[in-house]
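This briefing is meant for a reader who is meeting the structure for the first time. Please keep the sequence and the 3D view at hand while reading the points below.

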Amino acid sequence: MGQHSDKARETLLDAAEELFALHGIDAVSNRRITEHAGTANHSAIAYHFGDRDELLRILLNRHREEVSQRRRELIDALPDAAGVRDLIACMILPWIEYLASRPMPSWHARFLFQVRSVPSVAEILGGSLTASPEIEALIHRMQAELEHVPPEVVRGRSQVLSPMVLGICAGYEARVQSGEEDPNWTAVGYFFIDSCSGMLSAPVTHPQDYLSFPATPYLL
């Protein structure tokens, strides 16, 4: 693929992410994406991606390796006696650092929030995304650190935390864009680290009664 074609593809991805973030996945047509990207070729989505489903998959995956690589670096630097807070930091900081590195205005957190909230998209993606092996390994290590919390509860709480962090980051991203907040993603990241550590470590009132969730990939 030539340099011009690569640039056109990235422009379409940027346009799609912005429109999906602002208006929702189902409300945005392929034609609207191509027009927002500044191309008169209304079949550009089909040409570059094959179909809309593949466009969504590529959008979800195009920065995942960058985040995963940073997570692996943090995991490799962990001491043997890493506590829950250290492990949570490895989960959250790579994604927060990625959001902080994005040019303004950014749309990524809001795009992911839209992806998680639309059932039709979950059906489209099906098994195309797999849970991050690094996050699965971190959860396993946290279970060893949280002996007073049943493993099923640790996993359930972890699955609550992912959409919670995502939703709050989506709102923060929008407020930064509107000028309501000065961007300080580092503070946001450490707020989450403290809050999530407390939630995971909290006592369990009813050890046998907990929320269970279907297996879903972590989008962070």
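Predicted model: local features only at pLDDT ≥ 70, side-chain atom pairs only at ≥ 80, totals over all residues.

Proline 105 is found in the loop between α6 and α7, the latter spanning 108-117, and the peptide bond that joins methionine 104 to proline 105 is cis, with omega at about -5 degrees.

**Overall make-up**

- The protein has 11 helices and zero strands, so that from the N terminus on the order of its elements reads α-α-α-α-α-α-α-α-α-α-α.
- Of the 220 residues in the protein, 43% are buried, while the accessible surface comes to about 11200 Å², with 54% of it belonging to carbon and sulfur atoms.
- When contacts between residues at least 6 apart in sequence are considered, 76% of them join residues at least 24 apart.

**The largest nonpolar core**

- The largest nonpolar core has 62 residues, and those that touch the most other members are Phe20, Ile33, Ile88, Trp95, Phe111, Met142 and Cys169.
- Helix α6, which covers residues 84-101, supplies the largest share of this core, namely 12 residues.
- Methionine 142, when residues up to four places away in sequence are not counted, touches Val84, Leu87, Ile88, Met91 and Leu200.

**Helix α5 and its buried side**

- Helix α5 takes in residues 64-76, 13 residues in total, and reaches 18 Å from its first C-alpha to its last, which is close to the 18 Å expected at 1.5 Å a residue.
- The buried residues of α5 are Arg64, Val67, Ser68, Arg71 and Leu74, and because they cover an arc of only 120 degrees around the axis, they lie on the same side of α5.
- An α-helix has 3.6 residues a turn, so residues three or four places apart point the same way.
- The cover over the buried residues of α5 includes α4 (52-61), α6 and α9 (133-145).

**Two residues to look up in the view**

- Alanine 21 lies in helix α1, which covers residues 3-23, and alanine 21 is buried, with a relative accessible area of 7%.
- Leaving aside neighbours within four places in sequence, alanine 21 is in contact with Trp107, Arg110, Phe111 and Gln114; the C-alpha atoms of alanine 21 and histidine 108 are separated by 7.3 Å, although these two residues are 87 residues apart along the chain.
- Aspartate 51 has its place in the loop between α3 (44-49) and α4, and at 39% relative accessibility aspartate 51 counts as partly exposed.
- Aspartate 51 and asparagine 30 are 21 residues apart in sequence, and in space they are 9.3 Å apart, C-alpha to C-alpha.

Definitions and conventions: Residues numbered from 1 in each chain as written. Heavy atoms only, no water. Core = buried A, V, L, I, M, F, W, Y, C linked by side-chain atoms within 4.5 Å. Buried < 20%, exposed > 50% of the residue type's maximum accessible area, 1.4 Å probe, protein only. Helix = DSSP H or I, 4+ residues; strand = E, 2+ residues; numbered from the N terminus. Contact = heavy atoms within 4.5 Å. Expected span 1.5 Å × (residues − 1). Arc of directions from axis to C-beta. Areas by Shrake-Rupley, 256 points an atom, 1.4 Å probe, with all protein chains shown as cover.
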